[in-house]
Amino acid sequence: MKENKGKGLIHMLLRHVWGYKMEKVGRTDFWPLGQKIVDPKTGRVVQLPKVFRNERELREFLDDVVKRALKDPDYVKKFNGGGKVILTINLKKLGIRKEGIDVVEFVFLREGNSYCLKTVYPKAGSAVAKYVSTIGRWVG
C-alpha cells in the first residue's frame with residue numbers, strides 16, 4: 001500500500017491522533033490515546049481519554065477489526081468495483097468490545113485493481129472526541 005500524509009495510516013495518525021490541520025476541515029474524530037490536543041481557536045488544551053496505550057496497540061486493534069469485517073458478507077459486498085468504499089463498522093456486530101468506542105469507519109480508495117486505505121477513524125462512542133472546525137469547538 002502506498003502511503004503519504006494524505007493516505008492510510010500516516011494520515012490517520014497525523015489527523016485523527018495528533019490533530020494535524022484539524023482547524024481546516026469540517027470535523028476531526030480522535031482516537032483516544034490520552035493525548036493532549038490544543039484547540040486552534042482558543043489555545044485551550046484538551047485532554048483526551050486513554051483507551052489505547054500507544055499507536056501500536058491502536059494498529060493491532062484496527063488490524064483485528066478489518067480482518068473480522070472482511071469475513072462478514074455485509075461489509076465485503078461494498079467492494080463492488082467502485083472508486084471509494086466506506087465501511088462503517090459496528091464493533092458489537094463483529095463481537096469486538098473496546099471501552100468507549102462503538103463504531104469505526106474505514107475509507108478505502110480504488111487504485112488499479114485493488115483498494116488502498118485512505119483513512120480510518122472512530123465514528124461513535126463515549127471516548128471519541130470530535131472537533132468541529134466550522135463552529136470552532138469540541139462536541140460529543
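A nonpolar core, as the term is used here, is a set of buried Ala, Val, Leu, Ile, Met, Phe, Trp, Tyr and Cys residues that are joined through side-chain atoms within 4.5 Å. In this predicted model, the largest such core has 30 residues, and those with the most contacts inside it are W31, L58, F61, L62, I89, V104 and F106. At least two residues of this core come from each of the helices α1 (8-16) and α2 (55-69), and likewise from each of the strands β4 (84-90), β5 (103-111) and β6 (114-124). Helix α2 supplies the largest share, namely six residues. Apart from this core lies another one, of eight residues, which includes M22, V46, L48 and W138.

If neighbours within four places in sequence are left aside, L58 is in contact with M12, V17, W31, L33 and F52. For L14, the separation from L58 is 44 residues in sequence, while the two C-alpha atoms are 14 Å apart in space.

The aromatic residues form a second theme. A pair of aromatic rings is described by the distance of the centres and the angle of the planes. The count of aromatic pairs in the model comes to eight. In one of them, the rings of F106 and F108 have centres 6.1 Å apart and planes at 10°, and since planes under 30 degrees apart count as stacked, this pair is stacked. Both F106 and F108 are buried, and together with F79 and Y115 they form one aromatic cluster. The pair of Y131 and W138 is instead edge-to-face, with 5.4 Å from centre to centre and 65° between the planes; Y131 and W138 are both buried. W138 is also among the residues of the eight-residue core. A charged side chain meets a ring elsewhere in the model, where K93 lies over the face of Y75, at 4.7 Å from the ring centre.

A last point concerns the backbone. Most residues other than glycine have a negative phi. At K21, however, phi is positive, with a value near 60°.

Definitions and conventions:
Residues are numbered from 1 along each chain as its sequence is written. This is a predicted model: local features need pLDDT of at least 70, side-chain atom pairs count only at pLDDT 80 or more; totals for chains, interfaces and linings use all residues. Side-chain values use heavy atoms; hydrogens and water are left out. Buried means under 20% relative accessible area, exposed over 50%, partly exposed in between (1.4 Å probe, protein chains only). Helices (H or I, at least four residues) and strands (E, at least two) are DSSP runs, numbered from the N terminus. Contact means heavy atoms within 4.5 Å. Rings of Phe, Tyr and Trp (its six-membered ring) pair if their centres lie within 6.5 Å; planes under 30 degrees apart count as stacked, over 60 as edge-to-face and the rest as tilted. A charge sits over a ring if NZ of Lys or CZ of Arg is within 6 Å of the ring centre and within 35 degrees of the ring normal.
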